Amino acid sequence: MFSARLLRKKKRHTAAWQQAERPGPSPAWSAEPTRFPWRRMVPGNGSIVTEFILAGLTDQPELQLPLFVLFLAMYVVTVLGNWGLITLIVLNSHLHTPMYFFLFNLSFIDLCYSSVFTPKMLINFISKKNVISYMGCMTQLYFFCFFGISECYVLTSMAYDRYVAICNPLLYNSAMSPKVCSNLMLGSYLMAFSGSMAHTGCMLRLSFCDANTINHYFCDILPVLQLSCTSTYINELVVFIVVGINIIVPSLTIFVSYGFILFSILHISSTKGRSKGFSTCSSHIIAVSLFFGSSAFMYFKPSSAESMDEGKISSVFYTNTVPMMNPFIYSLRNKDIKLALRKTLIRGKF
């Protein structure tokens with residue numbers, strides 16, 4: 001009898017265990033993916049956004065077409081200017097010097113940098129819904145950081161090159177040897193790789209819940225951070241450290257280099273030589289100030305809706321204006337570039 005009771009008890013426990021293991025009805029929140037198609041559910045992590053909506057540069061319909069035409073023209077000029085400069089440097093052997101080696105890399109970076117977000121930006125001006133996938137957003141963020149940081153250090157290398165050429169001309173050949181130039185560029189790309197990996201890796205660890213509208217025209221760091229439903233403390237710390245290093249250190253190096261250059265120019269006896277030096281340096285300093293100044297304005301301001309709107313305007317300078325201006329700033333008054341252009345045109349005719 002005892003064994004029979006024990007057997008019945010065991011059967012009841014087995015039935016209860018099977019009932020507990022049987023999947024029950026779906027909870028209320030399981031219907032959310034149908035109400036919110038831009039997110040999916042992942043066990044243990046809550047809802048995950050699968051696409052973002054880009055708010056764009058402005059939400060005023062009457063400005064969309066004029067802005068499309070404006071930024072299309074800027075992009076065409078950027079592509080033609082930088083591609084033309086790359087072609088001239090490659091085809092003309094007298095431009096195979098350290099200065100033009102850095103200028104070649106700057107043009108390549110500007111060409112890629114503007115192409116990361118401008119085509120998507122142009123599509124958004126004429127489309128009704130500005131959607132970008134989660135992985136597309138993270139990819140855009142990575143390449144934006146990579147080419148942006150690369151440009152910081154290439155501009156630094158160019159300033160150092162001009163400092164050595166003007167302030168220590170006798171040491172120029174040894175100080176700017178091909179090995180040194182290659183190492184400077186390798187260091188620039190390594191810094192860009194580490195910085196972009198840090199930003200993107202930290203962004204991938206975040207969860208994005210209900211909000212999926214990015215208050216920007218591309219996937220920039222701070223606007224995307226505002227959408228996270230988990231702690232962004234680590235990300236903000238990384239932004240403070242990485243952006244601080246990649247903006248403050250290069251900008252200080254550049255302005256110190258140009259300070260010494262201007263000091264040397266002041267000691268030139270020829271008035272014509274001084275005016276030429278000042279005009280060249282002033283144009284370079286304006287381009288550098290626009291790039292670093294607008295970047296610092298975006299990343300070192302307190303994050304809020306108002307500052308994001310202001311940040312979108314400042315972003316236009318370092319994402320669209322500077323890449324368009326650089327080919328003209330570094331070549332318009334350059335006799336070597338003009339000579340290379342004439343030679344290339346003559347070769348094209350014959």
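This is a predicted model: local features need pLDDT of at least 70, side-chain atom pairs count only at pLDDT 80 or more; totals for chains, interfaces and linings use all residues.
**Stop 1: Cys137 and Cys219**

Select Cys137 and Cys219. Their sulfur atoms lie 2.1 Å apart, and the two residues form a disulfide. Look along the S-S bond. The torsion there is about -125°, so this disulfide is left-handed. The pair links distant parts of the chain, 82 residues apart. Cys137 sits in helix α5, residues 134-167. Cys219 sits in the loop between β5 (213-214) and α8 (221-225). Now show the surface. Cys137 is buried, at 0% relative accessible area. Cys219 is buried too, with a relative accessible area of 0%.

**Stop 2: Cys209 and Cys229**

Next, select Cys209 and Cys229. A disulfide joins them, with 1.9 Å from S to S. This link is right-handed, with 60° about the S-S bond. Here, too, distant parts of the chain are linked, 20 residues apart. Find Cys209 in the loop between α7 (178-204) and β5. Find Cys229 in the loop between α8 and α9 (233-266). Cys209 is partly exposed, at 21% relative accessibility. Cys229 is partly exposed as well, with a relative accessible area of 40%.

Number the bonded cysteines in sequence order, and the pairing reads 1-3, 2-4.

**Stop 3: Asp161 and Arg162**

Now select Asp161 and Arg162. They form a salt bridge, and their closest N and O atoms are 2.9 Å apart. The salt bridge count is one. Asp161 is buried, with a relative accessible area of 1%.

**Stop 4: Cys145 and Cys167**

Cys145 is buried, at 5% relative accessibility. Cys167 is partly exposed, at 23%.

Key. Residues are numbered from 1 along each chain as its sequence is written. Side-chain values use heavy atoms; hydrogens and water are left out. A salt bridge is a side-chain nitrogen of Lys or Arg within 4 Å of a carboxyl oxygen of Asp or Glu. Buried means under 20% relative accessible area, exposed over 50%, partly exposed in between (1.4 Å probe, protein chains only). A disulfide is a pair of cysteine sulfur atoms within 2.5 Å. Helices (H or I, at least four residues) and strands (E, at least two) are DSSP runs, numbered from the N terminus.
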